Amino acid sequence: MQPSQRRTGFTLIELLVVIAIIAILAAILFPVFAQARAKARQATCTSNLKQIGMGAAMYAQDYDEHVLPVQTQGTGKRFYWWASFDGTTRKESEGLLYPYMKNAQIQVCPDFSNALRSTLGLTGYGYNYNYLSPLVAPTYDVQPVSLARISNPSETVQMADAARLNTWQYATPTLEGNAYLEPPSSDFPSAHARHSGGANVLWVDGHVKVFRVLYRTGTFGWGNNADDFRKVTLGDIDSDSNFATDELFDLD
């Protein structure tokens with residue numbers, strides 16, 4: 001009699017069962033991992049804005065309690081909060097906030113890449129320039145406001161996740177970088193809800209929180225189509241659903 005031989009391999013059925021179990025586990029866990037990575041990127045973005053807020057607060061202390069200007073004019077170049085630009089070359093190390101941050105990487109939101117506006121750089125955030133650093137008649141020079149003029153700093157937007165929908169240079173509306181945050185009354189939504197439907201917002205008092213932007217309907221402004229903006233999650237930071245008022249942007 002021949003001694004019995006022990007079976008050491010898998011049968012086809014067993015192998016298929018293992019593969020099916022792995023596929024089920026992957027289908028369950030991959031979305032969880034994706035959500036965890038998205039939360040990590042949002043946390044990094046929150047940290048970036050908090051550091052920008054601290055830099056802006058230090059800037060105000062150095063300039064007689066006046067907030068950050070949207071730009072200043074130098075010899076042959078302009079200085080913005082994120083960089084200088086002479087029409088050809090951008091230098092992040094010459095940005096108005098750089099001396100306080102010493103790190104241009106915190107100007108980049110990890111959930112947004114601005115590959116289409118290389119001269120602007122990879123800034124993912126927009127500034128409430130319209131109210132905090134307006135152009136004032138009759139000279140229309142930039143005049144940043146004093147902190148004392150801001151009635152409620154905890155409810156006044158300073159910066160937020162921002163982008164813009166370029167409807168004038170491309171055959172189809174295209175999302176691209178934007179360093180300016182428009183108020184609702186401008187009729188050009190620029191708050192970018194890139195973090196699971198919300199936009200990180202830095203308020204003048206320095207705190208950061210996620211804000212669920214409001215989306216438009218129909219047509220508005222200069223023939224803008226609300227659906228185009230909704231598709232790329234561009235909306236408004238607004239609390240009363242009246243886009244003619246700027247209660248979270250103005251100084252009152």
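Author: A charge is taken to sit over a ring if NZ of Lys or CZ of Arg is within 6 Å of the ring centre and within 35 degrees of the ring normal. In this predicted model, the charged end of R216 sits over the ring of F243, 4.1 Å from its centre.

Reader: Over which other ring does the charged end of R216 sit?

Author: That ring belongs to F220, and the charged end of R216 is 4.9 Å from its centre.

Reader: Turning to ring pairs, how many aromatic pairs does the structure hold?

Author: There are ten aromatic pairs in the structure. One of the pairs joins Y80 and W82: the ring centres are 4.8 Å apart and the planes stand at 25 degrees, so this pair is stacked.

Reader: Are Y80 and W82 buried or exposed?

Author: Y80 is buried, because its relative accessible area of 15% falls under the 20% cut-off. W82 is also buried, at 5% relative accessibility.

Reader: And how are the rings of Y129 and Y180 arranged?

Author: Their centres lie 5.3 Å apart with the planes at 75 degrees, so the pair is edge-to-face.

Reader: Where do Y129 and Y180 lie?

Author: Y129 belongs to helix α3 (residues 129-132), whereas Y180 is in the loop between β10 (174-176) and β11 (191-192); the pair therefore ties together parts that are 51 residues apart in sequence. Y129 is partly exposed at 22% relative accessibility, and Y180 is partly exposed at 24%.

Reader: Which residues do ring pairs link into a cluster?

Author: The cluster linked by ring pairs consists of Y80, W81, W82, Y129 and Y180.

How values were computed
Residues are numbered from 1 along each chain as its sequence is written. This is a predicted model: local features need pLDDT of at least 70, side-chain atom pairs count only at pLDDT 80 or more; totals for chains, interfaces and linings use all residues. Side-chain values use heavy atoms; hydrogens and water are left out. Rings of Phe, Tyr and Trp (its six-membered ring) pair if their centres lie within 6.5 Å; planes under 30 degrees apart count as stacked, over 60 as edge-to-face and the rest as tilted. Buried means under 20% relative accessible area, exposed over 50%, partly exposed in between (1.4 Å probe, protein chains only). Helices (H or I, at least four residues) and strands (E, at least two) are DSSP runs, numbered from the N terminus.
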